Amino acid sequence: MYQELKAHVLKCLNKGVRYDGRKPLEFRPISIEYGVSASAEGSARVRIGGTEVIAGVKMETATPYPDTPNQGNLMVNVELLPMSNPKFETGPPGQQANEIARVVDRGIRESKCISVHDLVIKPGELVWGVNIDVCSLNDEGNLQDACALAAIAALKDARLPKVTEHDEVDYDAPKTDQKLPLARLPVEVTVIKVGDQFFVDPLSDEEMAIEARLTVGVTEKGTVCALQKGAEAPLSLEDLEKMVDIAVKIAPTLRNAL
Amino acid sequence: MTENVLVKDKEIVVPGEPLAQGMSFLPGPGTYRDGDRILAQRLGMVSVEGKVVKLIALSGRYSPKIKDKVIGKVIDVLMTGWRLDIASPYSAVMTLKDATSEFIPRGADLTQYYGLGDSVVCQIVNVTSQKLIDVSMKGPGLRKLRGGRFIEVSPLKVPRIIGKDGSMVGMIKNATKCEIIVGQNGIIWFDGAPEMEVIAVNAVKKICDEAHLGGLTQRIADFLKESTGVDVAQGGAQ
């Protein structure tokens with residue numbers, strides 16, 4: 001259905017020109033605004049060009065999972081709101097929302113970004129549960145990277161709420177000054193392959209022409225902490241290496257915006 | 001009951017806002033009568049001409065008009081034609097008869113003429129009161145669009161983009177050497193060299209952003225000259 005679009009995107013890429021005039025490996029301008037929600041423990045609004053998402057971190061005290069008695073709980077939820085793209089529907093999260101949530105979760109979890117052991121209040125009994133909620137406000141492409149960036153920005157902004165002597169959270173009291181202990185700042189970069197061309201930060205039009213994509217979670221040391229391959233076309237080992245290299249090279253641009 | 005206009009000329013009104021009171025006034029385009037009042041149907045600017053209250057819409061989607069040339073996208077292949085999305089609240093139907101002058105045998109696979117997702121330039125031939133829209137491909141310049149890229153702008157900016165006798169869009173075409181087709185429904189198609197397409201798209205977006213300001217032609221000519229190096233300002237064009 002998108003054969004002609006794909007051919008046109010490829011024709012532009014072969015000349016090294018993107019639909020909005022960027023270079024293939026160039027991001028749109030990124031801006032981050034912290035503390036956009038008063039009721040969340042931490043929040044951030046991320047704009048990548050016209051794409052806009054907000055993320056909130058909500059902290060609660062919880063009993064740890066039986067298999068990880070000395071670790072806090074982490075949950076990531078992504079909601080793609082119908083107002084951000086006419087293709088999105090209300091109701092339970094669809095395939096794309098689930099995928100983004102899982103990949104954002106993977107980047108944060110596997111990079112060991114939150115020092116899980118610092119989230120323990122009483123070992124085996126009481127830990128912090130960290131809930132990250134990400135909502136899309138406007139989709140002009142590349143929601144994946146925007147959501148991952150918003151999640152990490154919200155975590156950075158988060159401050160622990162006050163805990164009462166009954167081990168309950170007092171949400172009415174002012175937040176404490178204690179920040180969430182973050183050991184690393186992973187960012188995710190999605191590299192796209194169309195034909196034999198690679199590029200990052202796709203626009204909505206370009207997203208329709210994607211043949212293969214690879215989302216790479218990168219820590220500040222350039223270590224890869226998460227991977228997700230998407231779309232139909234297979235990737236060769238060389239492709240994979242090239243795409244990871246691109247992601248590692250581009251990751252600092254996103255991290256500098258934090 | 002007094003009969004009078006309730007708003008000033010050129011005032012911006014919102015849908016449902018009373019514009020005039022009394023049966024001696026007539027509702028013009030964009031307005032409707034409710035009892036003895038005339039109310040606004042859309043967001044727009046009022047103009048009162050004699051006893052007729054008119055509204056010039058400032059926002060909203062495309063409302064189909066006969067003889068408009070629009071760009072549509074095939075969203076369904078029917079038994080005897082195609083259903084097109086024309087960026088309006090109502091979809092349009094193109095029947096076999098109107099689609100091509102070729103002979104199409106009975107039971108032929110219609111997707112070989114136009115498949116799902118194909119875009120075409122077509123002309124609206126009929127709009128019923130129930131907003132059933134018929135479009136046709138018979139006429140000069142009406143064709144299937146291959147390759148190229150599309151953008152969507154407000155249909156209210158289309159007259160500015162086209163300019164007087166196509167002067168504005170002609171200027172962009174000359175400067176960028178791109179093929180450009182502007183549909184009355186606000187869908188615009190571009191095909192040309194990649195970097196020139198970007199300039200053409202930006203020029204059109206600039207027109208939309210600055211449509212309400214004066215001296216637009218000159219500013220677009222300057223913009224095109226700066227971006228492409230081609231001086232397109234026609235002698236004394238303002």
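Two strands are said to pair if DSSP finds at least two bridges between them. Strands themselves are DSSP runs of E with at least two residues, helices are runs of H or I with at least four, and both are numbered from the N terminus. With these terms in hand, S16(B) and strand S17 of chain B (residues 187-191) can be described as an antiparallel pair held over 4 bridges. Within this pair, Ile180(B) stands opposite Phe190(B) of S17(B).

The structure is a predicted model, in which local features need pLDDT of at least 70 and side-chain atom pairs count only at pLDDT 80 or more, while totals for chains, interfaces and linings use all residues. Residues are numbered from 1 along each chain as its sequence is written, and chains are lettered from A and ligands numbered from 1 in the order in which they are written.

The pair belongs to an open sheet of 3 strands in chain B, ordered S15-S17-S16 with antiparallel pairing. Strand S15 (149-152) and strand S16 (179-182) of chain B are the edge strands, each pairing on one side only. On average, neighbouring strands of the sheet are turned by 20° against each other, direction ignored. Helix H4 of chain B (residues 194-209) lies across S15, S16 and S17 of chain B and runs at about 155° to S17(B). Axes here are lines fitted to C-alpha atoms, for helices over the stretch in contact, and angles run from 0 to 180 degrees between N-to-C directions. Contact between two residues requires C-beta atoms, placed from the backbone, within 7 Å.

Finally, the interior. A nonpolar core is a set of buried Ala, Val, Leu, Ile, Met, Phe, Trp, Tyr and Cys residues joined through C-beta atoms within 7 Å; a residue is buried if 20 or more other C-beta atoms lie within 10 Å of its own. The largest such core has 66 residues, and Val104(A), Cys147(A), Ala150(A) and Ala151(A) have the most contacts inside it.

Methods. Buried ≥ 20, exposed ≤ 12 C-beta atoms within 10 Å, placed from the backbone.
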